[in-house]
Every structure is written in C-alpha cells, then in structure tokens.
Amino acid sequence: MTGPAAGGDAAGGGLLLEASGISHSFVNAGGRFTLVVERFLLAARERVAVVGPSGCGKSTLLGLLGLALPPDPPSHGQASHGQSSHGQSSHGQAAPREPGRLCLDGQDALALWRRRAGDRLAELRGEAIGFVPQTGGLLPFLTLRENILLCQRITGRLAPRFVADLAACLGIAAQLESLPAQVAVGQRQRAAVARALAHRPRLLLADEPTASVHPTQADQILDLLSYVAERTGAGLVIATHDAARATAAGFRLAPCRPDATEPLTRLAYPGEAA
Ligand SMILES: Nc1ncnc2c1ncn2[C@@H]1O[C@H](COP(=O)(O)OP(=O)(O)O)[C@@H](O)[C@H]1O
Ligand SMILES: [Mg+2]
C-alpha cells in the first residue's frame, strides 16, 4: 500500500497544540456542564485518544481544540458572550482563573477568540485543522471525490493528485465517483477521513470514529487514521469511550475525569496538572 507524502513543513517535531487553563460551559434546561482543560499538550505527530464515559465532555474538548467552540470568558469577567450555546461562568470555582492558553501551530487562538477575530479563526481552522465528525458528515449530493475536494476548494489548496493518493491509501479509489449512499458505511467513513486530510492539516481531530462500526472494522479505522496521520505528518486526537481499543492501537490516553459532585469534567494531559 502506498501513502501520500508528508506535507511540506509538517514533518517537523515540537509542540503542535497547547490548551491550558481554559474551559467551555453549556447551560441548558437540565443545568450546566463545564469542561475545564487544565493542561493539554500535543506534540507534532503525536496520537492521543481522549477517553471517558458518554457525556463527560469529549466532543466539547474536540470543539475547543478544533476552534469550533469558544473558550469561556475569564471567570472574573462574568461577561455574557451573546452566543446561544455558550454558557456563562457563573460558578466561580468551575472555570479556571488563570488567563489560559490556546495555541495551535504557533498561533495564539485564545487571543483571536478574545478579540472576536472570527475571520482569522476561520482561516486558522481551515488551514490547520481536519475534522472527522461522528456521523461522517459527507454531503449526500456530491460524489466521494467532490466531497474530498471540498476542503481543498474552501482553503484554495487544490491538489487533485493528493486526493487520488489519499483515496488509494484509504482503499476507496474505485468508489470516488459514487455518491455516499451508494457505498458501504466503512467506505463512507474512509472518505470522511480523506476529506479531513485533503488540505494537509497539521491537526486531525476525529470524534468517536469507531462508534458506529463493527468491532473488527473499528481496529482498522484506528490503524488507518494513525497511518494517514503519520504519512501526512499530522497530529491526531480522537475521542472514544473505548480506551482498551485505543491503547491496543498505540494511542496515548487522555482521560476526561468527571467530577464526583458537579456536572464538571477536568482534563490534564500529559500527566496530572501541577
Ligand atoms: N449544544 C449543547 N447544548 C447544551 N448542552 C450540551 C451541548 N452539547 C453538549 N452538551 C452537554 O455537555 C455535556 C458534555 O457533552 P459532550 O461533550 O457531547 O460529551 P461526550 O462527547 O463525552 O459524550 C453533556 O452533559 C451534554 O449534555
Ligand atoms: Mg461525543
């Protein structure tokens, strides 16, 4: 099996992502939930599985890391943010008191959120991040090829040969002209992985990539994600409730720890926060 070549300067080492002292809160009819990221460091090319039970905040973490969910305002600010899903930090002790950090690929994303620099955030998201949603998220009216090319089109990084490379690497070359409904679930999932990688992001995020497939396919998907991330030089973060499978596939684990008494989860990786 051949794979796509590592993308440009993506092959270098060092720190790819740092999130520390930030949180995201949801307030809904049932109450409030806060995910506190005490410390999360990801080296370039590292593979990490965020693990924990359903509802502990794994998808919320991917949203924060993927610049799709805003960090809470500093806890002393108590300012309303005016966004529907964005809770306010009314529990003084829940949100971190430090100013926090959210840096991706050398860019200060937290400063962009604080300045509400939506255009720059969208640019950074588009350039640096590939996201595989839990449901795959392919557009049903586009062929697999068109779906995969979408991110390249949006980011202006058209590279049809790289799409062909990825498709060969993922074993879906023969299905590229089919619509999502015309291929098997596993092939759709592979296309979603190819789409997330097509613009050569430095960070690949995958939300529960094994949740809806047969156990034998689950191992294959983890291997595949690891393989293509390595070949393209991307760091990889997945969310999963299956810690044993992720460990067996060679991922390092970042446990989301639900608080015993509050609808609150903390995450510190690597190791415990000081
Ligand atoms: N859009 C939302 N609005 C309100 N509450 C939400 C929203 N998304 C998630 N939550 C709540 O946040 C908590 C964490 O959810 P989530 O991050 O999806 O957990 P996981 O991915 O680990 O299953 C849950 O209590 C969930 O109900
Ligand atoms: Mg989830």
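## Overall composition

Of the 274 residues in the protein, 43% are buried. The structure is a predicted model, and the chain is organised into eight helices and 10 strands. Among contacts between residues at least 6 apart in sequence, 74% join residues at least 24 apart.

## Confidence of the prediction

The average pLDDT of the protein is 84, and 86% of the residues score at least 70. Over residues 1-12, however, the pLDDT is below 50; this stretch has 27 contacts in the model beyond near neighbours in sequence. Residues 76-93 likewise have a pLDDT below 50, with 22 contacts in the model beyond near neighbours in sequence.

An open sheet is built from 10 strands, arranged in the order S5-S4-S1-S2-S10-S9-S3-S8-S7-S6, with mixed pairing. Its edges are strand S5 (107-108) and strand S6 (129-132), each of which pairs on one side only.

Within this sheet, strand S3 (residues 47-51) and strand S8 (residues 235-240) run parallel and are joined by five bridges. Val48 is placed opposite Val237 of S8. Helix H7 (residues 215-232) packs on the sheet, where it touches S3, S8 and strand S7 (203-207). The direction of H7 makes about 160° with that of S8.

## Helix H1

Helix H1 spans residues 58-65, and because seven of its eight residues are buried, the helix is largely enclosed by the rest of the structure. The buried residues are Lys58, Ser59, Thr60, Leu61, Leu62, Leu64 and Leu65. After H1 comes Leu67, which has a positive phi, near 60°.

Ligand 1 has 13 residues around it, of which Phe26, Phe33, Lys58, Ser59 and Thr60 come nearest. H1 provides the largest share, three residues.

By class, the shell around ligand 1 comprises eight polar, four nonpolar and one charged residues.

Key
Residues numbered from 1 in each chain as written. Chains lettered and ligands numbered in written order. Predicted model: local features only at pLDDT ≥ 70, side-chain atom pairs only at ≥ 80, totals over all residues. Buried ≥ 20, exposed ≤ 12 C-beta atoms within 10 Å, placed from the backbone. Helix = DSSP H or I, 4+ residues; strand = E, 2+ residues; numbered from the N terminus. Pairing = 2+ DSSP bridges. Contact = placed C-beta atoms within 7 Å. Axes fitted to C-alpha atoms, helices over the stretch in contact; angles between N-to-C directions. Near = placed C-beta within 6 Å. Nonpolar A, V, L, I, M, F, W, Y, C, P; charged D, E, K, R; others polar. pLDDT = per-residue confidence, 0-100.
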